[in-house]
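This briefing is meant to be read with the sequence and the model side by side.

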Amino acid sequence: MRRLAWFLFGLTLAVALCASFHDTPAIFSVPHPGLEPVLHEIAGIRLRCLLSGDARDLEGVYDTTTVSGTWAFEHEVGRVRYFREWLSKRLIEVVSVDSSLKTIDAGAGGEQAWASICHNVVLTYRRRQSQALNHMGVRTVHWMELVRMDGRWLIRKDWFWDPLGSSSRPRVPAEIEPATAPDPDEVPVAASGSSYNRTAAVEYADRYCGVKTGTSTGRYNPRYRDFTNLGGDCANFASQVLADREAGGLPMDGGWFYEAGEGTDAWIRSGGFVGHMLYNGRATLVKRGKYSAVAPLLSRLQPGDIIAYEELGAVKHVCVVTGRDADGRVVVNSHTADRYHVPWDLGSEDDHVFWLIHITG
């Protein structure tokens with residue numbers, strides 16, 4: 001129980017700082033003059049290991065004499081293994097990376113330090129044997145505790161929402177080739193008279209996804225409360241994409257609405273959002289199933305539709321379909337964790353269940 005309590009305490013601090021960063025234009029200065037380059041060095045090592053698939057350099061970044069440091073180290077090693085496996089199974093190679101780090105707040109005293117950092121990463125990638133380039137972006141906001149040992153700063157604790165998978169034994173299913181074009185007899189048709197503006201919905205999703213790239217400033221829409229510290233902001237973001245006047249423009253209803261900084265369960269909770277959309281005539285279910293069952297039916301989804309992710313019998317996450325990459329893969333945007341044009345199955349494994357949801361109005 002003590003270990004769980006420490007985890008929840010750290011996660012609460014992390015998401016609270018994350019929420020503050022989304023709404024606060026200024027970045028706090030770092031009071032410890034030697035800490036800023038350390039944070040950049042650590043971020044650089046972790047990114048290099050992730051892209052190379054070689055986790056050996058991570059051993060010199062974490063304090064593995066503590067339980068929390070060991071957890072953080074093992075999670076990062078799992079990320080490296082999972083991402084390497086996913087790239088291999090999807091026949092993808094990363095061509096280049098654009099990485100930027102912002103310090104939200106930090107401090108140090110004696111041999112201990114703490115920091116909250118925001119790491120924005122945009123990857124340019126291509127399918128092997130293809131010259132077509134694609135771009136995807138992710139953002140992580142970390143709450144870290146560090147300790148100075150043998151002249152080096154090491155991570156003792158690290159909490160963050162992870163947009164990638166982490167697994168010591170990754171189980172990424174073999175890729176099923178996406179359809180190059182939707183079958184017109186299979187594509188769901190929006191309800192007659194639907195006011196859903198899919199083009200504006202995708203533009204909004206790109207602008208406010210939280211990842212700094214393209215038209216996005218790297219911030220959430222300040223007109224909405226950030227629910228990250230209350231379990232996640234993914235459904236709140238998807239609801240905005242569907243309903244905001246600058247986005248999809250769907251009318252709210254009695255069970256699905258946002259007002260004065262509060263949203264209904266269907267507005268802010270993944271399970272409530274999916275249930276409301278399906279059982280109140282706002283959407284149709286194209287397919288629910290594991291990767292092999294849903295992958296052949298992705299051509300039925302259109303930009304502005306929804307993919308939900310189920311684990312252990314409960315919907316845990318929702319993403320907005322924002323289009324397809326140059327090789328035909330469906331890509332998605334989301335909050336908590338923040339994603340921009342990320343292939344729809346990145347971060348999932350063969351035991352996950354997907355819901356393909358077509359918005360009708």
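The points below are grouped by topic and refer to a predicted model.

**Helix α2**
- Helix α2 covers residues 35–52, which is 18 residues.
- At 1.5 Å a residue α2 should span 26 Å, and its end C-alpha atoms are 26 Å apart, so the two values agree.
- Its buried residues are Leu35, Val38, Leu39, Ile42, Ala43, Ile45, Arg46, Leu47, Cys49 and Leu50.
- An α-helix has 3.6 residues a turn, so residues three or four places apart point the same way.
- The cover over the buried residues of α2 includes helix α3 (67–89) and the strands β1 (92–109), β2 (112–127), β3 (134–149) and β4 (152–159).

**Helices α5 and α7**
- The axes of α5 (residues 234–243) and α7 (residues 270–279) come within 8 Å and cross at roughly 35 degrees.
- On the α5 side the contact is made by Cys234, Ala235, Ala238, Ser239 and Leu242, and on the α7 side by Ser270, Phe273 and Met277.
- Sorted by class, this contact of α5 with α7 has six nonpolar residues, two polar residues and no charged residues.

**His352**
- His352 is in the loop between β11 (338–343) and β12 (353–359).
- His352 has a relative accessible area of 15%, and because the cut-off is under 20%, His352 counts as buried.
- Apart from neighbours within four places in sequence, His352 is in contact with Gly289, Lys290, Tyr291, Glu310, Glu311 and Gly347.

Key. Residues are numbered from 1 along each chain as its sequence is written. This is a predicted model: local features need pLDDT of at least 70, side-chain atom pairs count only at pLDDT 80 or more; totals for chains, interfaces and linings use all residues. Side-chain values use heavy atoms; hydrogens and water are left out. Helices (H or I, at least four residues) and strands (E, at least two) are DSSP runs, numbered from the N terminus. Buried means under 20% relative accessible area, exposed over 50%, partly exposed in between (1.4 Å probe, protein chains only). Contact means heavy atoms within 4.5 Å. The expected span of a helix is 1.5 Å times one less than its number of residues. Axes are lines fitted to C-alpha atoms, for helices over the stretch in contact, and angles run from 0 to 180 degrees between N-to-C directions. Ala, Val, Leu, Ile, Met, Phe, Trp, Tyr, Cys and Pro count as nonpolar, Asp, Glu, Lys and Arg as charged, and the others, Gly among them, as polar.
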